[in-house]
Structure formats: C-alpha cells, structure tokens
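Have the viewer open and follow along.

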Amino acid sequence: MKYDVIIIGGSYAGLSAALQLGRARKNILVVDAGERRNRFASHSHGFLGQDGKAPGDIIAEARRQIERYPTIHWAKGRVTDAEGAFGDFVVEIDGARRERAARLVLAMGVTDELPEIAGLKERWGLSVFHCPYCHGYELNQGKIGVIAASPLAIHHALMLPDWGETTFFTNGVFVPDTDQNALLSARGVRIEKDRIEEIAGHADVVLADGRSIALAGLFTQPRLRIASDWIEKLGCTIEEGPMGSTIVTDAMKQTVARGVFACGDVARPAGSVALSVGDGAMAGAAAHRSILFPE
Ligand SMILES: Cc1cc2nc3c(=O)[nH]c(=O)nc-3n(C[C@H](O)[C@H](O)[C@H](O)COP(=O)(O)OP(=O)(O)OC[C@H]3O[C@@H](n4cnc5c(N)ncnc54)[C@H](O)[C@@H]3O)c2cc1C
C-alpha cells in the first residue's frame, strides 16, 4: 500500500501532524523509535493545559486519542534510509521493511551532545538542564550554576538570575569580554573561572582546586545533532547554527525538498513541547494542502 504521508517520529511534533492528517482522512504511517528528547526528565513544564505532567503521560494520552482515527497506521522502529521525490518517497525501517508515500513529514527531534564533564550526563534532566522556562521555576529560587559549553553560555548566565542567584562556571570554554563582564556584574552573576573536575551529589560542582559548590540546579548548552544522513539525500538543507543543526523550512514547515515537511526540534533551534505541537499542526495541514493542490 502507498500511504498519503509517512511521518518519521511519533512524539509531540509527529503526533500533532498525524492528528491533522487523520482528521482529513488521509492514509498515514507514523514510524517512531520511541526515544523522546525529554525522556530523562520526570516532569514537563510550560505546555498549556499539561503543565507539570510526566512527559510520557502527555504522549500516552495523545496517542490514545489519535488511535481513534482509522486511517492512521503505526510502525515501531527506526527509519534507516529514505529516498525518492515529490509524489513517491520510499522509507526503509530498521534496515528491512520498506514503505512508500506521496509526502514525508520529518519529526525525528534532535540528540543533545552534552559537555564532557564527569557526572554531568547522569544528572541530565534531573538536576542538569538546558531550558530555564522548562525547569527553572522548580528550583525555587535556589542557587543556580551555568556551565559554559558554547558561546551561548553568556545568554544563559544573563537569563538565569531571574530564577535564582547564579554562578557562571566558565570552565576554560568561555572568556567574557569587558562589556559582558559589566552585564554579568549588573545581573549579580558570580564568575568562577576554575576548571570543573566533576558534578557530584544533587548538583554539586567540584572544582580542580578541590572546592565543592552545592547548587539547586545546573544549566548548560548541549549541541543539537540531527542523527540521519538520509535527510540531505532527500534534498533537504541542514543549517549549522550556534545551537547545532536544524532542517531549513519555510513558515508552512515545507523543506527545500518538494513534498518533504519538517517540524518540531528537528526544524527549529530552540524547541519545546508547545512549539513542537504547533509546528506539527502546521506541517500536517501543509502536507494535506500539498496533496490537494500539488503544483
Ligand atoms: C532533559 C530535557 C527536559 C525537557 N523538558 C522540557 C519541558 O519541561 N517542557 C518543554 O516544553 N520542553 C522540554 N524539553 C524539550 C522537549 O523535549 C522537546 O522540545 C520536544 O521533545 C521536541 O518534540 P519533537 O516531537 O520534535 O521530538 P522528540 O520528542 O525528541 O521526538 C522525536 C521522536 O522521533 C523518534 N525518531 C528519531 N529518529 C527516528 C527515526 N530515524 N525513525 C523513527 N523515529 C525516529 C524518536 O525516537 C522520538 O520518539 C526538554 C528537553 C530535554 C532534553
């Protein structure tokens, strides 16, 4: 069977696209590998109507609702290759099964490349975060650390005082210039230049000189990686920005490859659940529109 649309990624963005297309009675296949970006966090914040819910519960409820639509089909697995052109795309799942569709929606999210600091990755989503809007409030105005991992660290360091007293660990990665030092000082940010040895306890930063600074939570800047080489083979453009890789789309979430749409974190540099759901709704409607009016 040839589907109208194959959606690659069945999380917030992909399910939102599927909902629009299922409601238009299009034949859809949603392929999902089941590794949401926020699977490390116990609670999700900032998504209207679902604030504070477990990330997996939001997905489970969405999936329950969407399964009511009989033209939506499901495949558990990873897309390992994709090729084709407008009107006829072929997708390979787990290196074996092959499925065809007239349009593709890419909603595969991104992978976070974390700074190599002992003890950091074990605390990712628990006491080490990247998004203050998602996890800043729950630190209850306690002491916060910002660990520099990229030039964007300065933005983190200047933002975080709104959530708690902030220490900026430059860790040999970032050297504030005179203007930045003045801005940090105006925001009351303490600068710690010693190298970080490890993260211990809840969110204790242990420095090379042996000092240990206990904090309520830490923020850092992961590099966003898009993990599939077949995206460029489809003709999509991947842009490298200060946060990492992003698939280029227009406002309708259409990529530069005709008939291929992209939504959610894979197609915007600073994503969230709310933005992914919005992008997915747009990509779903745009894919439908492109089936109706294929010029
Ligand atoms: C630790 C942490 C905490 C966060 N907390 C919050 C929060 O509180 N509030 C908030 O709004 N945002 C939060 N975020 C951001 C949020 O997780 C993302 O913005 C959101 O998950 C993006 O949704 P998405 O559908 O684009 O991608 P994802 O949710 O990452 O889903 C992508 C899906 O596609 C699948 N996939 C990937 N490649 C393939 C493939 N080749 N074939 C098939 N399937 C594939 C994946 O397995 C996954 O199921 C957090 C992120 C992190 C890292």
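Sorted by class, the shell around the ligand holds 13 nonpolar, 16 polar and seven charged residues. Please keep in mind that this is a predicted model. Of the 36 residues around the ligand, the ones that come nearest are Ser11, Asp32, Glu35, His45 and Val79.

The side chain of Ser11 has an N or O atom 2.6 Å from an oxygen atom of the ligand. Val79 takes part through its backbone, where a polar atom is 2.8 Å from a nitrogen atom of the ligand. Val273 also uses a polar backbone atom, which is 2.8 Å from an oxygen atom of the ligand. On its own the ligand has 1000 Å² of accessible area, and the protein covers 98% of that. Two or more residues of the shell come from each of these elements: helix H1 (12–23), S2, helix H3 (132–135) and helix H7 (273–292).

Now to the charged pairs. By the rule used here, the model has 19 salt bridges.

| Salt bridge | Distance, N to O |
|---|---|
| Asp88 and Lys2 | 3.9 Å |
| Arg37 and Asp112 | 2.7 Å |
| Arg195 and Glu197 | 3.4 Å |

Begin with the salt bridge between Asp88 and Lys2. Asp88 sits in strand S5 (residues 88–93) and Lys2 in strand S1 (residues 2–8), so this pair ties together parts that are 86 residues apart in sequence. Asp88 is partly exposed, with a relative accessible area of 32%, and Lys2 is also classed as partly exposed, at 38% relative accessibility.

Next comes the salt bridge of Arg37 with Asp112. This pair links distant parts of the chain, 75 residues apart: Arg37 is in the loop between strand S2 (28–32) and helix H2 (55–66), while Asp112 is in strand S7 (residues 111–113). Is Asp112 buried or exposed? Asp112 has a relative accessible area of 15%, so this residue counts as buried, the cut-off being under 20%.

The side chains of Arg195 and Glu197 also meet in a salt bridge. Both residues are partly exposed: Arg195 has a relative accessibility of 46% and Glu197 one of 40%. Elsewhere, salt bridges that share partners join Arg190, Glu192, Asp209 and Arg211 into one network.

At the start of H5, a side-chain oxygen of Asp177 reaches to within 3.2 Å of the backbone nitrogen of Asp179. Just after H5, Gly188 takes a positive phi of about 75 degrees.

Finally, which residues does Lys143 touch, leaving out those up to four places away in sequence? They are Glu165, Leu215, Ala216 and Gly217. Lys143 itself is placed in strand S9 (residues 141–147), and its 45% relative accessibility makes Lys143 partly exposed.

Note on methods. Residues are numbered from 1 along each chain as its sequence is written. This is a predicted model: local features need pLDDT of at least 70, side-chain atom pairs count only at pLDDT 80 or more; totals for chains, interfaces and linings use all residues. Side-chain values use heavy atoms; hydrogens and water are left out. Helices (H or I, at least four residues) and strands (E, at least two) are DSSP runs, numbered from the N terminus. Buried means under 20% relative accessible area, exposed over 50%, partly exposed in between (1.4 Å probe, protein chains only). Contact means heavy atoms within 4.5 Å. A salt bridge is a side-chain nitrogen of Lys or Arg within 4 Å of a carboxyl oxygen of Asp or Glu. A residue is near a molecule or strand if one of its heavy atoms lies within 4 Å of it. A polar contact is a pair of N or O atoms within 3.5 Å; within protein, one must be able to donate a hydrogen and the other to accept it, and residues adjacent in sequence count only if both atoms are side-chain atoms. Accessible areas come from the Shrake-Rupley method with a 1.4 Å probe; for residues, only the protein chains shown count as cover. Ala, Val, Leu, Ile, Met, Phe, Trp, Tyr, Cys and Pro count as nonpolar, Asp, Glu, Lys and Arg as charged, and the others, Gly among them, as polar.
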